[in-house]
Amino acid sequence: KELYHTLFESHLTYCISVWGGSPLCKTAKIWTSQKRCLRILFGDKEAFLDKFRTAVRVRPISNQLLGEEFYEREHTKPLFMNYSILAFRNLYTYYTYMETLKILKLRDPMTVFEQFKISHRKSTLLINDHPAENFISRSTKIWNSITPKLKLTDFSYKISTIKIKLKNALLKLQNSNSAVTWINDNFNTDKIEGI
């Protein structure tokens, strides 16, 4: 698991809050490469090696004919679940939310903090006057959808506590519904249950 975090996820999450909100058609190859990396590192190696034995006589007669199941790839959702790894789209949500929290709590960098419009009625609500495809607009949307579910009423909570709560909530969301197939609800922050 350390190998995955060190060699793959560290590169994947570099500036993810800036480019991670790109359309799915542009990030599909990244999502595919993350799944491929998990198959290589944590997949069923015995089944993989057994599948590609070159000598036909080594295989039992029942396995000598190659049908559709031979070419099926291993499902990755159980691998994500077993190793508590966030999928690409949930990594984007996680890092964007945490960066927004740090900006709002620490008021640093001040130039970015000043671009957020905080509600006068509720200090944890952000107002988005002009929706756009930039960090401020996307992070405002993510912030406003997750903050009430984390029950964040002010900025007195430790950042590490919120990190743990958010990661657990995203893992729970990611692992909901089907045990093997990915659906859009696995990444929909509006579906996060109260923590």
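Which side chains meet in a salt bridge with an N to O distance of 3.0 Å? Aspartate 129 and lysine 117 do, and point 3 comes back to them.

1. **Ground rules.** Please keep in mind that this is a predicted model, in which local features need pLDDT of at least 70, side-chain atom pairs count only at pLDDT 80 or more, and totals for chains, interfaces and linings use all residues. Residues are numbered from 1 along each chain as its sequence is written, and side-chain values use heavy atoms, with hydrogens and water left out.

2. **Overall layout.** The protein chain has 10 helices and two strands. Helices here are DSSP runs of H or I with at least four residues, strands are runs of E with at least two, and both are numbered from the N terminus. Along the sequence the order is α-α-α-α-α-α-α-α-β-β-α-α. Of the contacts between residues at least 6 apart in sequence, 68% join residues at least 24 apart; a contact means heavy atoms within 4.5 Å.

3. **The pair from the opening question.** A salt bridge is counted when a side-chain nitrogen of Lys or Arg lies within 4 Å of a carboxyl oxygen of Asp or Glu, and the structure holds two. In the one between aspartate 129 and lysine 117, the partners sit 12 residues apart and link distant parts of the chain. Lysine 117 belongs to strand β1 (residues 117-118), while aspartate 129 lies in the loop between β2 (126-127) and α9 (135-150). Aspartate 129 has a relative accessible area of 45% and lysine 117 one of 41%, so both are partly exposed. The cut-offs are under 20% for buried, over 50% for exposed, and partly exposed in between (1.4 Å probe, protein chains only).

4. **The other salt bridge.** Arginine 138 pairs with glutamate 133, and their closest N and O atoms are 2.8 Å apart. Arginine 138 is buried at 18% relative accessibility, whereas glutamate 133 is exposed at 65%.

5. **Cysteines.** How many disulfides does the rule give? The count is zero, where a disulfide would be a pair of cysteine sulfur atoms within 2.5 Å. Cysteine 15 is partly exposed at 40% relative accessibility, while cysteine 37 is buried at 14%.

6. **Surface.** Buried residues make up 35% of the 195 residues in the protein chain. The accessible surface comes to about 12,400 Å², and 57% of this belongs to carbon and sulfur atoms. Areas were computed by the Shrake-Rupley method with a 1.4 Å probe, and for residues only the protein chains shown count as cover.
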